[in-house]
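Visitor: I'd like to go through this model with you. Could you put it up?

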Amino acid sequence: KFFKNFDTENPGYSHQEAAWKRLSTLHNAASTLVATGTGSGKTECFVYPVLDHCARVAADEPGIKALIIYPMNALASDQARRFAELVDTIPAFKNLRVGMYVGGHEAEPGQGTRMTPESVITDRDTMRKNPPDILLTNYKMLDYLMLRPKDRKLWEKNSPQTLRYVVVDELHTFDGAQGTDLAMLLRRLKARLQAPTDHLIYAGTSATLGNSQDTAPLREYARQIFGSAFPPDSVITENRQSVGAFLEDATVDFMYQQPERLRERLQNTDLSAPDQAVVAWF
């Protein structure tokens with residue numbers, strides 16, 4: 001059991017526990033890059049530390065405590081359901097509020113004003129009046145959230161120390177001009193909130209970055225995006241077992257024995273009907 005106040009849905013993989021230890025504010029509280037394969041559970045690497053921190057400080061610190069930036073609305077919507085499910089099913093998170101502010105997802109009047117087991121808060125007036133603990137958005141909407149006077153209310157309850165996490169999912173998609181835009185946005189955000197030096201915990205995830213043993217280019221790329229240093233131990237990668245190690249204690253349930261004259265029988269062209277071929281081949 002890694003976290004004190006709740007159990008994760010499944011025991012953590014080694015790379016997940018390594019990420020939890022670095023990201024958790026009860027442990028290292030350090031910026032981290034998760035560069036593991038597709039389907040390896042990268043989301044869980046940051047979701048649990050973020051939820052755990054927000055649940056522990058929510059009663060004493062109003063305002064947005066974690067900002068999670070996605071490259072696509074579809075990805076944000078998919079992960080919003082994941083957040084809603086965790087808040088609903090884990091008692092330690094029951095009072096947390098998660099909001100999603102992305103283009104094209106403005107709620108209908110009377111809808112999206114509260115958390116449900118399947119959805120987060122999407123009503124913008126609700127979020128302006130009572131900012132969520134965790135905000136899911138994209139980099140374009142983040143620009144609006146700092147420019148438009150009516151959206152600035154989202155940050156009014158934040159003290160310089162309130163925002164603790166800035167997470168960028170699918171970090172590799174922010175390259176070229178888009179990467180520059182994101183880098184400038186994050187610097188403006190830090191200046192707007194007057195966040196203390198080294199206070200923010202940055203996290204980036206990617207299945208396509210960090211495949212090389214030399215992580216220096218990835219860490220330099222992350223430094224340019226986040227404006228913060230990433231030491232060599234900040235990169236979390238996979239340690240896969242070999243087939244031999246994985247199957248070491250497994251029993252052999254079936255072993256194929258090749259019949260005599262197999263090649264000759266498979267190449268037999270004298271079979272006049274399909275049923276004869278089935279009998280001969282199988």
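Guide: A search of the whole structure finds one cavity of 30 Å³ or more. On a 1 Å grid over the protein atoms alone, a cavity is a set of points where a 1.4 Å probe fits but cannot get out. This is a predicted model: local features need pLDDT of at least 70, side-chain atom pairs count only at pLDDT 80 or more, and totals for chains, interfaces and linings use all residues. Residues are numbered from 1 along each chain as its sequence is written, and side-chain values use heavy atoms, with hydrogens and water left out.

Visitor: How much space lies in the largest cavity?

Guide: About 40 Å³, where a volume is the space filled by probe spheres set on the grid points, joined across faces, edges and corners.

Visitor: Which residues line the largest cavity?

Guide: Leu33, Val34, Ala35, Leu171, Gly204, Thr205, Ser206, Leu209 and Leu218; lining residues have an atom within 4 Å of a point. Strand S1 (32–34) and strand S6 (201–205) each give two or more residues to that lining. Strands are DSSP runs of E, at least two residues, and helices are runs of H or I, at least four, numbered from the N terminus.

Visitor: What about the largest pocket, which residues line that?

Guide: Tyr13, Ser14, His15, Thr38, Gly39, Ser40, Thr237, Glu238, Asn239, Arg240 and Gln241. A pocket is an open set of points with protein on both sides within 12 Å along at least five of seven lines. The space in the largest pocket is about 270 Å³.

Visitor: On to helices. How do H6 and H7 cross?

Guide: The axes of H6 (residues 176–193) and H7 (residues 216–226) come within 7 Å and cross at roughly 55°. Axes are lines fitted to C-alpha atoms, for helices over the stretch in contact, and angles run from 0 to 180 degrees between N-to-C directions.

Visitor: Which residues meet there?

Guide: Gly179, Leu182, Ala183, Leu186 and Arg187 in H6 meet Arg223, Gln224, Ile225 and Phe226 in H7, contact being heavy atoms within 4.5 Å.

Visitor: And the chain overall, how many helices and strands?

Guide: Ten helices and seven strands. The C-alpha atoms fill a box of roughly 85 × 45 × 40 Å, taken along the principal axes.
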